[in-house]
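Student: I would like to go through this model with you, one question at a time. Where should we begin?

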Amino acid sequence: MKFRVAWATAAAVGLVAAAGAAVITGPASAAGAGCSVKYKVVSEWQGGFQGDVSITNLGDSWSGWTLEFDFPNAGQGVNNGWSADWSQSGSHVTAKNLSWNGTVASNGSVSVGFIGKWSGGNPAPAAFKINGVACGGATTSPSPSPSPSPSPSPSPSPSPSPSPSPDPEGPAPQLHVSGNKIVTAAGKPYRLLGVSRSSGEFACVQGKGMWDSGPVDQASVDAMKSWNIHAVRIPLNEECWLGLNGSPSGTAYQQEVKKYADLLVANGITPILDLHWTSGAYSNGPDWHCKDATATCQKPMPDAQYAPQFWTGVAKTFKGDNAVVFDLFNEPYPEVGSDWNKTLGWQCLRDGGTCTGIPYEVAGMQDLVDAVRATGATNVLMVGGLEWANDMREWLAYKPNDPLNNIAASWHSYSFNACATASCWDTQVAPLAAKVPVVTGEFGADNCGYDYMDQLTKWADKNGVSYLAWTWSPWGCSTGAVLIKDYAGTPEPGIGEGYRAHLLTQNPYA
């Protein structure tokens, strides 16, 4: 992704109880004239719990809704929530719809949830209102367990995952490929779910300092954790890393990248280092594309002069830390130089060298795999396909050789790509995902809504595919692909609200 962007409206998101959690259903009261509410405690621990509220419209269509209820005990409260704008005054709780889930048809439903606190007991609220109308409903709570629930961390993250992972909070897991899964050192399947954090690819060469002057401190990471982000893709610039162009550059740039990656790992977030902008004069591309010989744009393929040096340096820096993943090249499109000859494109992608229509010597994916492995680094590698990493049809046939067999397929999916429908994903991507891990390194649409993202994430969840949305950058969402209003994690309406709500329902171990 360079400057293109994206997203649109989502369907209501429900929550799934933590694995193994049984519930006892209480008696339902008579349904209200206009609405029905079901309140459920999904899981509970000493002093805290996860709540789920399902709302059904029994009357005319709503163009907006406000849920209200009162907690019975003074010690009960909402810490943070999703799929609604939550607030609390005393014991009175209010949840108002977000922009993407305000319309609810007759007999339609919407689900919202929250992480709460309690002391002295955690009884369910006795009554609920929607838009001032009393509702009927039911309540459910966790069944008693013979063993006590684990206590929360004494320093919990601002927004614990609604579907807690089976592992305690700690550093990001060490990863490797096993069959068609990325797994932890203990062999547990693990999906990379999160965002791309643009700026490391351009800030150094555009006079914007490091990280586009945005924070990469603990507070900024806490904001990501409040979205339940478990992976962050970090686009990088080879000339900045090698000290050839821009500022900071060389050692200063390398140290900043290492410091940020280490901070993410310490917070349980997988860093994915992506070679995004590279050198190489290119005059045969589309008119809109950058033709600068320096690393100030996305080239069709990495250059043989510097890209292997870049990966040698990155691999040596992170050698021994398999919590860090390497995305070898952002969005290949070598077939453009050969007038869309896909066979020549795939050959160029894997083998590099002299490629039709590309005037510089190309580093193929095999060259980059070899550069990483020559250092002794054993990190998971990501390799893309053609058409800006959207065409994956011949990926298996042209997969580079890795002595460790530790490669995942890197797929990008935007609404304006050729393969942008569920039927295409079923025929072109699902067969690949059945054989190797597929990571959607970027995805989105050409507006600021959430509908395309909603469709893709649901498909990816069904097919075990990882995904990282573009982009965690507060640039203002006018044409798409901007998730946040600020680095505190305030979501953009539509795209950000919808994606945050979805992430909060996900467990990377599930």
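Tutor: Begin with a definition: a residue is buried under 20% relative accessible area, exposed over 50%, and partly exposed in between. The model is a predicted one.

Student: Is Asn131 buried, exposed or partly exposed?
Tutor: Asn131 sits in the loop between β10 (128–130) and β11 (133–142). Its phi is near 50°, a positive value in a residue other than glycine. Most residues other than glycine have a negative phi. With a relative accessibility of 40%, Asn131 counts as partly exposed.

Student: What is the relative accessible area of Asn405?
Tutor: Asn405 lies in the loop between α7 (386–389) and β19 (407–414). Asn405 is not a glycine, yet its phi is positive, about 50°. Asn405 is partly exposed, and its relative accessible area is 48%.

Student: How much of the protein chain counts as buried?
Tutor: The secondary structure of the chain consists of 10 helices and 22 strands. Among contacts with a separation of 6 or more, 76% join residues 24 or more positions apart. Of the 510 residues, the part that counts as buried is 58%.

Student: What distance separates the end C-alpha atoms of helix α3?
Tutor: Helix α3 covers residues 251–266, which is 16 residues. The expected span is 1.5 Å times one less than the number of residues, so α3 should span 22 Å. The distance in the model agrees with this: 22 Å.

Student: Which elements do the buried residues of α3 pack against?
Tutor: The buried residues of α3 are Tyr253, Val257, Tyr260, Ala261, Leu263, Leu264 and Val265. In an α-helix, residues three or four places apart point the same way, because there are 3.6 residues a turn. The elements packed against the buried residues of α3 are α1 (218–225), β15 (231–237), α2 (238–242), β16 (270–277) and α4 (307–318).

Student: Is α1 parallel or oblique to α3?
Tutor: The axes of α1 and α3 are 11 Å apart, at an angle of about 45°. That angle makes α1, relative to α3, oblique.

Student: How many residues of the contact of α1 with α3 are nonpolar?
Tutor: α1 passes α3 in a right-handed crossing. The contact involves Gln218, Val221 and Met224 of α1, together with Tyr260, Leu263 and Leu264 of α3. By class there is 1 polar residue and no charged one, and the number of nonpolar residues is 5.

Student: Where is Thr471, and what is the omega of the peptide bond from Trp470 to Thr471?
Tutor: Thr471 is placed in the loop between β22 (466–470) and α10. Most peptide bonds are trans. The bond from Trp470 to Thr471 is cis, with an omega near 0°.

Student: Are α4 and α6 roughly parallel or roughly antiparallel?
Tutor: α4 and helix α6 (residues 365–374) pack with their axes 8 Å apart and at an angle of about 30°. Angles under 35 degrees count as roughly parallel. α4 and α6 are therefore roughly parallel.

Student: How many nonpolar residues does the contact of α4 with α6 have?
Tutor: From α4, the residues are Ala307, Pro308, Trp311, Thr312 and Ala315; they meet Leu368, Ala371 and Val372 of α6. The contact has 1 polar and no charged residues, and its nonpolar residues number 7.

Student: How many charged residues are in the contact of α9 with α10?
Tutor: The axes of α9 (residues 451–463) and α10 (residues 495–503) come within 10 Å and cross at roughly 20°, which makes α9 roughly parallel to α10. Met453, Thr457 and Asp461 of α9 meet Ile495, Tyr499 and His502 of α10. The contact has 3 nonpolar and 2 polar residues, and the number of charged residues is 1.

Student: What is the relative accessible area of Val438?
Tutor: Val438 lies in strand β20 (residues 438–444). Leaving out residues up to four places away in sequence, Val438 touches Ala409, Trp411, Val429, Leu432, Ala433, Val465 and Ser466. Val438 is buried, and its relative accessible area is 3%.

Notes. Residues are numbered from 1 along each chain as its sequence is written. This is a predicted model: local features need pLDDT of at least 70, side-chain atom pairs count only at pLDDT 80 or more; totals for chains, interfaces and linings use all residues. Side-chain values use heavy atoms; hydrogens and water are left out. Helices (H or I, at least four residues) and strands (E, at least two) are DSSP runs, numbered from the N terminus. Buried means under 20% relative accessible area, exposed over 50%, partly exposed in between (1.4 Å probe, protein chains only). Contact means heavy atoms within 4.5 Å. Axes are lines fitted to C-alpha atoms, for helices over the stretch in contact, and angles run from 0 to 180 degrees between N-to-C directions. Angles under 35 degrees count as roughly parallel, over 145 as roughly antiparallel, 65 to 115 as roughly perpendicular and the rest as oblique. A crossing is left-handed if the near helix is turned anticlockwise from the far one by less than a right angle, and right-handed if clockwise. Ala, Val, Leu, Ile, Met, Phe, Trp, Tyr, Cys and Pro count as nonpolar, Asp, Glu, Lys and Arg as charged, and the others, Gly among them, as polar.
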